[in-house]
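Hello,

Here is the structure we talked about. Please look it over before reading my notes below.

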Amino acid sequence: MNLILLGPPGTGKGTQAERLSKKLNIPHISTGEMFRQLAAECNPLGVKAKDDYWGKGNLVPDDITIKLVEERLAKDDCKNGYILDGFPRTIPQAKALDKITSIDSVLDIESSGEVIIKRLTSRRQCVKCKKIYGIDVPPRHEGICDECGGKLEQRDDDKEEVIRERLEVYKKQTLPLTDYYHRQGKLIKINGEQPIQKILEDILKAVGKN
Ligand code: AMP
């Protein structure tokens, strides 16, 4: 089962992808997480991507991102399917993906701008296990991960001025993908302003796995 989670930043793609991955036993592939990991490892490409692009709320160029995804999808653990979170984000990326693989369904998780700003400014992530917390999923102890005891931090690009830029970029470059996948008959709209468990149930139902 090859799935794409689409939707604006802060709509809950990462949270849903994490849960779907456990439920369906297929990997969660987040290009944003891959870029953050590369920067944390001081990989030159990762550091450049942070300084020139994602740290400012802009997209990393298509050729770099497509290559990264192509290499990741070629790995063994993807042979029974995967959940793409944050890729594709542009029409050229979607076209490139169509050449690499065949997508079954595209889940478009919709949320309003107001909900998104609230979620993103309150979002914190565990520096160790990468679990995401926020208004919908608060940690038991402030600043500490429930799962592994790691420190919770705000992402560099979850600062308000960067969030506004990311939402603009989403509208211009990523929103056209809904039409692209609608025309392919693969787009399924999911209400992202519901409790996390209900969103998960809606997704599972939509892909015939409830
Ligand atoms: P995310 O964690 O999905 O919000 O991604 C964080 C940042 O990584 C984005 O704001 C982009 O700068 C970069 N990024 C992630 N996925 C892509 C993509 N498919 N194309 C270009 N840039 C991306």
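How do the residues of the lining of the largest cavity divide into nonpolar, polar and charged? They split into 7 nonpolar, 3 polar and 2 charged. (Ala, Val, Leu, Ile, Met, Phe, Trp, Tyr, Cys and Pro count as nonpolar, Asp, Glu, Lys and Arg as charged, and the others, Gly among them, as polar.)

Before the rest, two notes on the source. This is a predicted model: local features need pLDDT of at least 70, side-chain atom pairs count only at pLDDT 80 or more, and totals for chains, interfaces and linings use all residues. Residues are numbered from 1 along each chain as its sequence is written, and side-chain values use heavy atoms, with hydrogens and water left out.

The cavity. The whole structure has 1 cavity of 30 Å³ or more. A cavity here is a set of points, on a 1 Å grid over the protein atoms alone, where a 1.4 Å probe fits but cannot get out; lining residues have an atom within 4 Å of a point. The volume of the largest cavity is about 60 Å³, taken as the space filled by probe spheres set on the points. Its lining includes Leu5, Phe87, Arg89 and Tyr170.

The ligand. Of the 16residues around the ligand (a heavy atom within 4 Å), Thr31, Trp54, Asn58, Gly86 and Gln93 come nearest. The side chain of Thr31 has an N or O atom 2.7 Å from a ligand nitrogen. For Gln93, that side-chain distance to a ligand nitrogen is 2.9 Å. Arg166 places a polar side-chain atom 3.3 Å from a ligand oxygen.

Best wishes

Notes: 1 Å grid on protein atoms, 1.4 Å probe; cavity = no way out; pocket = protein on both sides within 12 Å on 5 of 7 lines; lining within 4 Å. Polar contact = N/O pair within 3.5 Å; in protein donor to acceptor, adjacent residues only side chain to side chain.
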